[in-house]
Amino acid sequence: MDTRITTSAAGRAPAAPAVPVYPLSLRVNGEQHQLHVEAWVSLLDLLRDRLALTGTKKGCDQGQCGACTVLVDGKRINSCLTLALMQDGRSITTVEGLADGNALHPLQQAFVRHDAFQCGYCTPGQLCSGVGLINEGQAQDRAQVRELMSGNVCRCGAYPQIVAAMAEVMKLPDETNHHDKDDHAGARIGTVPA
Ligand code: FES
Ligand code: FES
């Protein structure tokens, strides 16, 4: 029987079709959630609109800016590009979950020390991406940090400070003079440094 369209008890106006929802179990910042969500809800919208975790930002909503980056089982992903239901059973960490109580995560502390933001809109994504990059253990120098963070756009151009904060936490060799020169050269020709 087709139950999508029914009539009201009075028989006048059709009732709104039932929207199917599906069970979803997620651990978010250490807290277990049992939810029911529609199939089309992105992880980003679930976090922001249903769990009120608005630290994760919606920039482009199409995988191009990195503002929505969160960690899923420790790996960084763009939360706008995945459906919430695809992450059933996973553990999600958002920017709200990086600190240990009142103690900021070491990368958050480094961002503050290096002034690695202006408006701050990209910062939650930069932090989660940075923590994910550290977890990956791939970047061996600042150029690789630039490359592997290239999915996180900063329209304020805080890239040199972000890389400096990452380098400090990752204990990368000091290449300050060399990269200062590179960064300024990049700014002169109008490119967006990675
Ligand atoms: S909002 Fe997800 S990549 Fe831009
Ligand atoms: S600090 Fe403004 S977009 Fe990065």
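Where is N29 found? The residue is found in the loop between strand 3 (22-28) and strand 4 (31-37). The points below treat the fold and then its parts.

1. Basis of the note. This is a predicted model, in which local features need pLDDT of at least 70 and side-chain atom pairs count only at pLDDT 80 or more, while totals for chains, interfaces and linings use all residues. Residues are numbered from 1 along each chain as its sequence is written, and chains are lettered from A and ligands numbered from 1 in the order in which they are written.

2. Overall composition. The protein chain holds 6 helices and 7 strands; helices (H or I, at least four residues) and strands (E, at least two) are DSSP runs numbered from the N terminus. Along the sequence the pattern reads β-β-β-β-α-β-β-β-α-α-α-α-α. Of the 194 residues, 35% are buried. A residue is buried if 20 or more other C-beta atoms lie within 10 Å of its own, exposed if 12 or fewer, and partly exposed in between, with C-beta atoms placed from the backbone. Among contacts with a separation of 6 or more, 57% join residues 24 or more positions apart; two residues are in contact if their C-beta atoms, placed from the backbone, lie within 7 Å.

3. An open sheet is formed by 5 strands in the order 4-3-7-5-6, with mixed pairing. Strand 4 and strand 6 are the edge strands, each pairing on one side only. On average, neighbouring strands of this sheet are turned by 40° against each other, direction ignored. Two strands pair if DSSP finds at least two bridges between them.

4. Strand 5 and its partners. Strand 5 (69-72) pairs with strand 6 in the antiparallel sense over 4 bridges, and with strand 7 (residues 91-93) in the antiparallel sense over 2 bridges. L71 stands opposite R76 in strand 6, and the bridge partner of L71 in strand 7 is T93. The hairpin of strand 5 and strand 6 has 2 residues between the strands, and D73 takes a positive phi near 50° there.

5. Helix 3 on the sheet. Helix 3 packs on the sheet, where it touches strand 5 and strand 6, and its direction makes about 35° with that of strand 5. Axes are lines fitted to C-alpha atoms, for helices over the stretch in contact, and angles run from 0 to 180 degrees between N-to-C directions.

6. Dimensions and cover of helix 3. Helix 3 (residues 123-136) has 14 residues and reaches 19 Å from its first C-alpha to its last, close to the 20 Å expected at 1.5 Å a residue; the expected span is 1.5 Å times one less than the number of residues. The helix is mostly covered, with 11 of its 14 residues buried, among them T123, L127, C128 and L133. The cover of these buried residues includes strand 5, strand 6 (75-78), helix 2 (106-114), helix 4 (142-148) and helix 5 (159-170). G137, which follows helix 3, has a positive phi near 65°.

7. S129. This residue has its place in helix 3 and counts as buried because it has 26 C-beta neighbours inside 10 Å. Not counting residues up to four places away in sequence, S129 touches G66, T69, R76, M149 and N152. The C-alpha atoms of S129 and L71 are separated by 7.8 Å, although the two residues are 58 residues apart along the chain.

8. Helix 2 against helix 3. These helices pack at an angle of about 130°, with their axes 10 Å apart. Helix 2 is therefore oblique to helix 3. Angles under 35 degrees count as roughly parallel, over 145 as roughly antiparallel, 65 to 115 as roughly perpendicular and the rest as oblique. The crossing is right-handed; a crossing is left-handed if the near helix is turned anticlockwise from the far one by less than a right angle, and right-handed if clockwise.

9. Most residues other than glycine have a negative phi. N29, which is not a glycine, has a positive phi of about 50°, and it counts as partly exposed because it has 19 C-beta neighbours inside 10 Å. D61, in the loop between helix 1 (43-50) and strand 5, is also not a glycine and has a positive phi of about 65°. D61 is partly exposed, with 15 other C-beta atoms within 10 Å.
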